[in-house]
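I opened my notebook to work through one protein chain. Here is what I looked up, entry by entry.

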Amino acid sequence: LVQSSAVSFALRQMQRNEGLSEEARVALKEIWTQSVDLAALSHVIAKNFTKLNADEAMLAGLLSVLGKLYIFMKSLDFPDMSYAEMDSVFQDWHPAIAKAIAETWGMSDSLTAALESQLETDIDGTTTTLTEVLVAARLFVQHNDAGEPLDGSLYPVLQRMGISEANNHDVTLHKFQEQIDNIRNALLK
């Protein structure tokens, strides 16, 4: 929980950097918002659907954007690089960079594995891991951002965790919305 608070504070401070352009502030705010959403969802999913430590899951959600943040900060050294070009770099590199940073910081193996595999949706396993929690949270964020329902029948990871049944085509976490909002609000303060 302390680690999550420290990361949250650091990201807010970066966003307040007066040397950033308005476009850079908007991009940084998008990264920060995604981090908060992933943290809140990861915490709620871990707490309600697994026996994993919900605070560690929240930290995984916050740290999942570390690679994007690193790439973003490095891109400021290349002012000719557009934010559209950065999106391609984000998709290709951010999980590996996030894992490398977390390893350097001495984070747990389960957390670094989750950061590395956060974009994989076809995970096989019998035991729910931090990776699966982060993947599930990311699925909810992606579908919410796209304004489309999450088809649980397409993702065995959601079925294994008990979030969805095989024939459930519209999966939501609406009954946990108050928990999600409370965590988001705490992180955004």
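Entry: I started with T50, whose side chain reaches the backbone oxygen of A46 at 2.7 Å. The side chain of T50 also reaches the backbone nitrogen of L52, at 3.0 Å. I was looking for polar contacts, meaning a pair of N or O atoms within 3.5 Å, where within protein one must be able to donate a hydrogen and the other to accept it, and residues adjacent in sequence count only if both atoms are side-chain atoms. T50 sits in the loop between α2 and α3. Is T50 buried or exposed? It is buried, with a relative accessible area of 16%. My cut-offs were under 20% relative accessible area for buried, over 50% for exposed and partly exposed in between, with a 1.4 Å probe and protein chains only. Leaving out residues up to four places away in sequence, T50 touches I45, T128, V133 and M161. A contact here means heavy atoms within 4.5 Å.

**Entry: where this comes from.** This is a predicted model, so I noted that local features need pLDDT of at least 70, that side-chain atom pairs count only at pLDDT 80 or more, and that totals for chains, interfaces and linings use all residues. Residues are numbered from 1 along each chain as its sequence is written, and side-chain values use heavy atoms, with hydrogens and water left out.

**Entry: the whole chain.** How many helices and strands did I find? The protein chain has 9 helices and 0 strands. Both come from DSSP runs numbered from the N terminus: helices are H or I with at least four residues, strands are E with at least two. Of the 189 residues in the chain, 46% are buried. I also checked contacts between residues at least 6 apart in sequence, and 58% of them join residues at least 24 apart.

**Entry: the core.** The largest nonpolar core holds 57 residues, and I45, F72, L111, F140, L158, I163 and L173 touch the most other members. Such a core is a set of buried Ala, Val, Leu, Ile, Met, Phe, Trp, Tyr and Cys residues joined through side-chain atoms within 4.5 Å. Which helix gives the most to this core? That is α2, with 13 residues. I then followed L173, which touches L41, I45, F49, F140, I163 and I180 when residues up to four places away in sequence are not counted.

**Entry: helix α4.** I counted 7 buried residues among the 10 in α4. They are L66, G67, K68, L69, I71, F72 and S75.

**Entry: salt bridges.** Side chains of opposite charge can pair when their charged atoms come close. My rule was a side-chain nitrogen of Lys or Arg within 4 Å of a carboxyl oxygen of Asp or Glu, and the count came to 4 salt bridges. One of them joins R184 and D37, with the closest N and O atoms 2.4 Å apart. This pair links distant parts of the chain, as R184 is in α9 and D37 in α2, 147 residues apart. R184 is partly exposed at 22%, whereas D37 is buried at 18%.

K99 and E103 form another salt bridge, at 3.4 Å from N to O. Both lie in α5, 4 residues apart, about one turn of the helix. K99 also meets E116, at 3.6 Å. Through shared partners, K99, E103 and E116 join into one network.
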